[in-house]
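Hi there,

Here is the structure I promised to pass on to you. Please open it beside this email, and read on below for what I found in it.

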Amino acid sequence: MANLSHIQVGKPSLARPTPWRTALVTGASSGIGAALAHRLAEGGTEVVLAARRIELLEATARSIRARRGSARVLELDVTRPDDTVAAIRRVDADVGGLDLVVANAGIGWPQPARSLSWEKMSPLFATNFTGALATLTAVLPEMVRRGRGHLVGISSVAVYGPTPGGSGYRATKAGLTTFLDNLRIELGDSGVHATAVHPGFVRTPFADAFSMQPPMVWSADDAAHFIVRRLPKAPARIDFPFSVVQAMRVLSALPAFLRDRLVRRVRLGPDDE
Ligand SMILES: NC(=O)c1ccc[n+]([C@@H]2O[C@H](COP(=O)([O-])OP(=O)(O)OC[C@H]3O[C@@H](n4cnc5c(N)ncnc54)[C@H](OP(=O)(O)O)[C@@H]3O)[C@@H](O)[C@H]2O)c1
């Protein structure tokens, strides 16, 4: 069930202006999504914050209001794709057209292959893949009709190389990236853009599920700054941190016997959940 409530409209801060009048961010109750909502609102964008935990959304919206930004909250469970599409279409009509839609809601934790099952893996697909595609296509026809819009998916550097315990998670994100890559090419000069974002580790509750200390961890705020500064040029991809992306690419290019041995030595979490 979706529930929309208007929080506040105020003057934007003096931060670098953003080119979108309106934006919807899923997974805005925490981590990267909440930080993205803050950065967008600081640039003058009216942001719709969407997720399941309404009280956290309200708190983020209040914080945006305290900084003289503009925010609405939308209670949304992306694992219900039909409800998600209907809710986002209602928001689109309510705000006079969404300029930016960010499919950020996602879940993931190490799932060692030897104890993998469909029951463990299916929530990942319902959220990260089906949920993201429902989010991104909800108002695609309206954006094309208007001749403007930007669709963004928060994928992962995991798409660039094998990750221990990541078979299911990596597949969901590879699917999301592939969808956006193809969409972007097909949309051509329609005025609607598509970007896939590939973060490395970012300090959020999501990252807490991994027991190892990963290298090059960014704060959610730094990640949001990096993304929002690059999005206006509508790149095909936004990847960070550079060194982690390069390391993943080198790992993938290694001879299989060597790459496989290295990947099998790494433990991102417990051997069994
Ligand atoms: N942190 C990292 O190291 C990292 C690295 C690469 C990629 N990513 C990706 O970045 C995105 C954001 O993750 P994060 O690190 O910011 O994690 P987070 O702090 O755990 O935030 C995840 C967000 O997704 C929302 N969400 C989960 N299931 C949902 C559902 N069924 N319906 C609607 N919203 C849902 C959560 O809100 P509710 O629980 O309130 O619904 C929450 O706001 C994810 O797609 C993740 O895969 C993260």
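Helices α3 (residues 81-94) and α4 (residues 118-137) pack with their axes 8 Å apart, at an angle of about 25°, and they are therefore roughly parallel to each other. Angles under 35 degrees count as roughly parallel, over 145 as roughly antiparallel, 65 to 115 as roughly perpendicular and the rest as oblique. The axes are lines fitted to C-alpha atoms, for helices over the stretch in contact, and the angles run from 0 to 180 degrees between N-to-C directions. Helices (H or I, at least four residues) and strands (E, at least two) are DSSP runs, numbered from the N terminus.

A word on the model itself: it is predicted, so local features need pLDDT of at least 70 and side-chain atom pairs count only at pLDDT 80 or more, while totals for chains, interfaces and linings use all residues. Residues are numbered from 1 along each chain as its sequence is written, and side-chain values use heavy atoms, with hydrogens and water left out.

Back to the pair above: α3 and α4 cross in a right-handed way (left-handed if the near helix is turned anticlockwise from the far one by less than a right angle, right-handed if clockwise). Pro81, Thr84, Val85 and Ile88 of α3 meet Thr130, Ala134 and Thr135 of α4, where contact means heavy atoms within 4.5 Å. Four of these contact residues are nonpolar, three are polar and none is charged. Here Ala, Val, Leu, Ile, Met, Phe, Trp, Tyr, Cys and Pro count as nonpolar, Asp, Glu, Lys and Arg as charged, and the others, Gly among them, as polar.

Next comes helix α1 (residues 31-42), which packs with helix α2 (residues 54-66) at about 25°, their axes 10 Å apart. The two are therefore roughly parallel as well, and α1 passes α2 in a right-handed crossing. Ala34, Ala37, His38 and Ala41 of α1 make the contact with Thr60, Ser63 and Ile64 of α2.

α1 also meets helix α7 (residues 220-230): their axes come within 8 Å and cross at roughly 55°. That makes α1 oblique to α7. This crossing, too, is right-handed. On the α1 side the contact includes Gly31, Ile32 and Arg39, and on the α7 side it includes Asp221, His225 and Val228. In total, the contact residues divide into eight nonpolar, two polar and two charged.

Which residues of α7 are buried? They are Ala220, Ala223, Ala224, Phe226, Ile227 and Val228, where buried means under 20% relative accessible area, exposed over 50% and partly exposed in between (1.4 Å probe, protein chains only). Among the elements that cover them are α1, β6 (149-154) and β7 (192-199).

Strand β2 (residues 22-26) has five of its five residues buried, so it is largely enclosed by the rest of the structure. Thr22, Leu24 and Thr26 point one way from β2, while Ala23 and Val25 point the other way. β2 pairs with strand β3 (residues 46-51) in the parallel sense over five bridges (strands pair if DSSP finds at least two bridges between them). Leucine 24 has valine 48 as its bridge partner in β3.

At 0% relative accessibility, leucine 176 counts as buried. Its contacts include Phe129, Leu133 and Ile154.

Enjoy exploring!

Note on methods: Lists of a residue's contacts leave out its neighbours within four places in sequence.
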